[in-house]
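Please look over the fold and the annotated site before reading on. The report below takes the strands and then the site.

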Amino acid sequence: MRRKIVAGNWKMNTTPAEGAELAKAVAAGKKEICDCVNFIVCPPYTHLSEVVRITRGTGVAVGAQDCATEEKGAFTGEVSARMIASLGVEYVILGHSERRQYYGETSETLNRKMRQAYANGLTPIYCVGEKLEEREDGRHFDVVKAQLEEVIYHLTPEQFERLIVAYEPVWAIGTGKTATADQAQEMHAHIRRTLAAKFGATAEQTPILYGGSCKPSNAGELFAKEDVDGGLIGGAALEADSFLQIGKAFLK
Ligand code: PGA
């Protein structure tokens with residue numbers, strides 16, 4: 001049985017006080033939901049410490065949205081994996097399309113971030129996904145395969161065992177357009193095959209989350225697919241109710 005996961009990516013939203021309220025509401029709602037669904041919230045760096053404190057012992061885990069490529073030193077504005085892990089944070093999103101697109105993150109950058117994440121005990125949620133023109137040109141499977149080969153293929157088998165992957169078609173992020181459940185399943189199966197080609201049967205256990213306008217109204221259909229093990233949720237994670245509803249979609 002693979003883990004079922006809903007992870008909320010708050011992006012650059014909420015003040016620390018608003019984030020604390022949101023985390024409290026998620027933690028309170030999570031109590032009513034079976035432990036079979038793992039909840040993760042990923043607030044901005046400035047909120048991490050307080051959100052870890054609020055969610056401790058509630059079954060809601062905390063992730064960061066990124067980490068630095070380097071361990072420490074003169075890198076103004078950066079936040080290291082070690083700093084993040086020392087707060088009690090367990091996860092880190094890496095390779096989000098917004099980081100690739102707006103901050104020029106390449107596979108090379110991401111290999112270094114991966115190394116830092118693992119060296120400090122963080123579990124990466126590694127994002128892959130094609131742009132609209134890549135899908136229209138029929139290159140979506142190749143693009144995603146390359147994103148996996150260039151970064152994930154460098155992991156050791158022990159590191160790979162802990163990995164979470166998120167498939168986020170860029171054309172579906174924040175646009176209200178969702179991949180159909182069949183499009184998601186087709187790509188998730190492709191991702192699992194690509195991972196299995198390198199890591200064998202362990203890939204059967206890798207949670208592969210869907211992201212891109214996932215909301216309470218479509219989560220049930222997406223999560224019912226064989227290779228869709230949960231969601232990485234942006235907009236709909238900014239309200240406790242809709243985020244919790246998405247988690248409950250597993251239970252229907
Ligand atoms: P969205 O974002 O749910 O707002 O489309 C998903 C993500 O980018 O993680």
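Two strands pair if DSSP finds at least two bridges between them. In this predicted model, A64 stands opposite V92 in β4. Strands β3 and β4 run parallel and are joined by two bridges. From β3 the chain crosses through helix α3 (residues 81-86) to β4, a right-handed β-α-β crossover.

On the other pairing, β2 (residues 37-42) and β3 are parallel over three bridges. Here I40 stands opposite A61 in β3. β2, helix α2 (residues 48-55) and β3 form a right-handed β-α-β unit.

β3 itself (residues 60-64) is mostly covered, with five of its five residues buried. In a regular strand, side chains alternate between the two faces of the sheet. In β3, V60, V62 and A64 point one way, while A61 and G63 point the other way.

Now the site. An unreviewed UniProt entry lists H96 and E168 under "active site". They are spread over 73 residues of sequence, yet they cluster in space, with a largest C-alpha distance of 8.3 Å. Of these residues, H96 is included in the lining of the largest pocket.

| Residue | Location | Relative accessible area |
|---|---|---|
| H96 | loop between β4 (91-94) and α4 (97-102) | 4% |
| E168 | loop between β6 (164-167) and α9 (181-199) | 5% |

Are H96 and E168 buried or exposed? H96 is buried because its relative accessible area, 4%, is under 20%. E168 is buried too, at 5%.

Leaving aside neighbours within four places in sequence, H96 contacts N9, K11, C127, E168 and I173. With residues up to four places away not counted, E168 touches H96, C127 and I173, among others. Its partners also include G211, G212 and L232.

Methods
Residues numbered from 1 in each chain as written. Predicted model: local features only at pLDDT ≥ 70, side-chain atom pairs only at ≥ 80, totals over all residues. Heavy atoms only, no water. UniProt positions renumbered as here; feature names shortened; annotations may be inferred. 1 Å grid on protein atoms, 1.4 Å probe; cavity = no way out; pocket = protein on both sides within 12 Å on 5 of 7 lines; lining within 4 Å. Buried < 20%, exposed > 50% of the residue type's maximum accessible area, 1.4 Å probe, protein only. Contact = heavy atoms within 4.5 Å. Right-handed = clockwise from strand over helix to strand, strands pointing away.
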